Each structure stands twice: as structure tokens, then as C-alpha cells.
Amino acid sequence: GIPYLGAGVIYPIAPEEITVSPFEIPNHYLRVYGLDVGWNRTAGAWIAIDPDTRIKYLYHTYYVGQREPASHAYGIKAPGDWIPGVIDPAARGRGQADGQQLFDMYYDLGLDLTKADNSVETGIYQVYQQLLSGQLKVFSTCEAFFREFRLYRRDDKGNIIKKDDHLLDALRYVIMSGIDIAMPKPVFTESYESIPQGKSEITGY
């Protein structure tokens with residue numbers, strides 16, 4: 001099984017140990033986001049991956065409640081509508097059938113989404129190891145993330161307290177399922193035809 005701590009904080013790491021000052025993300029860094037959807041709160045966590053060091057940076061978050069999917073889709077596309085994402089396969093607090101319907105709705109609104117692996121304990125362990133090893137850093141501007149990070153804990157029976165954890169869930173999805181689909185920012189020719197970074201602008205491959 002996956003080891004975890006008992007009651008108390010889930011990620012016993014001081015925020016300053018994982019915090020970095022914001023910097024402009026180079027175009028060749030790989031990007032992807034995780035999405036946790038719900039009526040009370042819809043949250044997204046965007047990471048950029050340095051292809052040389054494989055260090056991941058949580059550089060942008062989306063944290064908005066009580067809006068229709070069309071409004072959320074506009075905000076989710078803002079960091080770059082070319083960025084792929086992974087989403088909770090069941091949609092927070094809903095049945096699997098409703099989750100499929102919500103997935104289709106966001107897909108139809110133009111989001112490039114893949115269903116995430118929602119293995120909770122395995123995902124928490126993976127995120128913890130990334131943070132502990134210095135392979136996952138967080139921009140200091142991600143204030144909503146740090147608010148959740150400080151509160152994320154288990155009760156005296158070892159159960160995760162399911163409150164104010166939307167961004168933590170979104171981060172777990174992207175670490176578990178988003179790394180392999182992350183991509184660099186496309187470059188554009190004069191004809192506005194997209195060519196992925198690293199490919200020939202003449203041949204496209």
C-alpha cells in the first residue's frame with residue numbers, strides 16, 4: 001500500500017521550502033493543467049515543466065465558484081487555449097454519468113481535456129514526493145493554493161478532511177495524469193498555421 005501520515009497536515013512541508021519567485025515561462029517549457037469542477041468552486045492548477053531538469057512549476061491557478069461552464073471555460077482558456085488539461089473523471093461530488101456529461105460539456109466548449117487518474121492516496125504520495133525532492137515548486141503568486149496547502153489535513157481517524165481542497169485535487173490530477181501530455185507553446189507561421197515547438201517551421205515535422 002501507499003504510506004501516509006495519521007491525523008494532521010497531509011503535506012508536512014513549510015511553504016517557504018517550495019516557493020519560488022515568478023518568472024516568465026520559456027516557450028520550450030512543457031505545460032499542462034489539472035481541473036477540479038463543481039458548483040461551489042471550480043479550480044485549475046497549471047504547471048510548466050523544464051524539459052532539461054524536469055522540475056515542475058505550479059505557475060497559475062484558477063479558483064472561481066458558482067458560474068456556468070461557459071464562463072469557466074473562458075477563464076480556463078486565458079493562460080493559453082492550446083494547453084492540454086486533465087479533469088476529475090467523475091466531476092466533484094457527482095455520479096459517474098453526470099461526470100461524463102460535464103466532461104463532454106467542457107470538451108464541446110473547446111477545452112482539450114483528458115480524464116485523470118483519481119487515485120487519492122497514490123496521488124497524494126506522488127505530489128508529496130515531488131515537493132519533498134524539490135521537483136515541484138510553486139510560484140509565490142499562487143495565493144489560493146497556499147491557503148489550501150496550509151489547511152489540507154486528515155482527521156483523527158486518518159480520513160482526508162474534504163474541505164477547501166479543490167486546488168490540491170487539481171494538482172494531484174495533473175501530477176498523476178498530465179505529465180505525459182504536457183506540451184510546449186506552439187509557434188505560428190505567417191499563415192497562422194500552428195507548428196509545435198521544436199519542429200521545423202518549413203516541413204512541420
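A: Buried means under 20% relative accessible area, exposed over 50%, and partly exposed in between, with a 1.4 Å probe and protein chains only. The model is predicted: local features need pLDDT of at least 70, side-chain atom pairs count only at pLDDT 80 or more, and totals for chains, interfaces and linings use all residues. Residues are numbered from 1 along each chain as its sequence is written, and side-chain values use heavy atoms, with hydrogens and water left out.

Q: Where is D164 found, and what is its phi?
A: D164 is found in the loop between β9 and α5. Its phi is positive, about 55°, although D164 is not a glycine. R54 also has a positive phi, near 65°, and is a residue other than glycine. R54 sits in the loop between β4 (42-49) and β5. At 36% relative accessibility, R54 counts as partly exposed.

Q: How many helices and strands does the protein have?
A: Helices (H or I, at least four residues) and strands (E, at least two) are DSSP runs, numbered from the N terminus. Here there are 5 helices and 11 strands. The protein has 205 residues, and 46% of them count as buried.

Q: What share of the contacts in the protein with a separation of 6 or more comes from residues 24 or more positions apart?
A: Contact means heavy atoms within 4.5 Å. Of the contacts with a separation of 6 or more, 68% are between residues 24 or more positions apart.

Q: Which residues of helix α4 are buried, and what do they pack against?
A: Helix α4 covers residues 143-151, and its buried residues are A144, F145, F146, E148 and F149. They pack against β2 (19-20), β5 (56-64), α3 (120-132), β8 (136-139) and α5 (166-177).

Q: T61 lies in strand β5. Is T61 buried or exposed?
A: T61 counts as buried, at 19% relative accessibility. Leave aside its neighbours within four places in sequence, and T61 is in contact with G44, W46, C142, F145 and L167.

Q: How do I read a pair of aromatic rings?
A: A pair of aromatic rings is described by the distance of the centres and the angle of the planes. Rings of Phe, Tyr and Trp (its six-membered ring) pair if their centres lie within 6.5 Å; planes under 30 degrees apart count as stacked, over 60 as edge-to-face and the rest as tilted. The count by this rule is 12 aromatic pairs. One of them joins Y11 and Y152: 5.7 Å centre to centre, 40° between the planes, tilted. This pair links distant parts of the chain, 141 residues apart. Y11 is in the loop between β1 (8-9) and β2, and Y152 is in the loop between α4 and β9 (153-154).

Q: Are Y11 and Y152 buried or exposed?
A: Y11 is buried, with a relative accessible area of 4%. Y152 is buried as well, at 2%.

Q: Why does the pair of Y29 and Y57 count as stacked?
A: The ring centres of Y29 and Y57 are 6.5 Å apart and the planes are at 20°, so the pair is stacked. Y29 lies in the loop between β2 and β3 (30-36), Y57 in strand β5, 28 residues apart. Y29 is buried at 9% relative accessible area, and Y57 is buried at 13%.

Q: Which residues do ring pairs link into a cluster?
A: The cluster holds Y11, Y128, F145, F146, F149 and Y152.

Q: Which residue lies over the face of Y63?
A: A charge sits over a ring if NZ of Lys or CZ of Arg is within 6 Å of the ring centre and within 35 degrees of the ring normal. R41 lies over the face of Y63, at 4.6 Å from the ring centre.

Q: Which helix holds Y74, and is Y74 buried or exposed?
A: Y74 lies in helix α1 (residues 69-77). Y74 is exposed, with a relative accessible area of 68%. Y74 and G110 are 36 residues apart in sequence and 9.5 Å apart in space, C-alpha to C-alpha.
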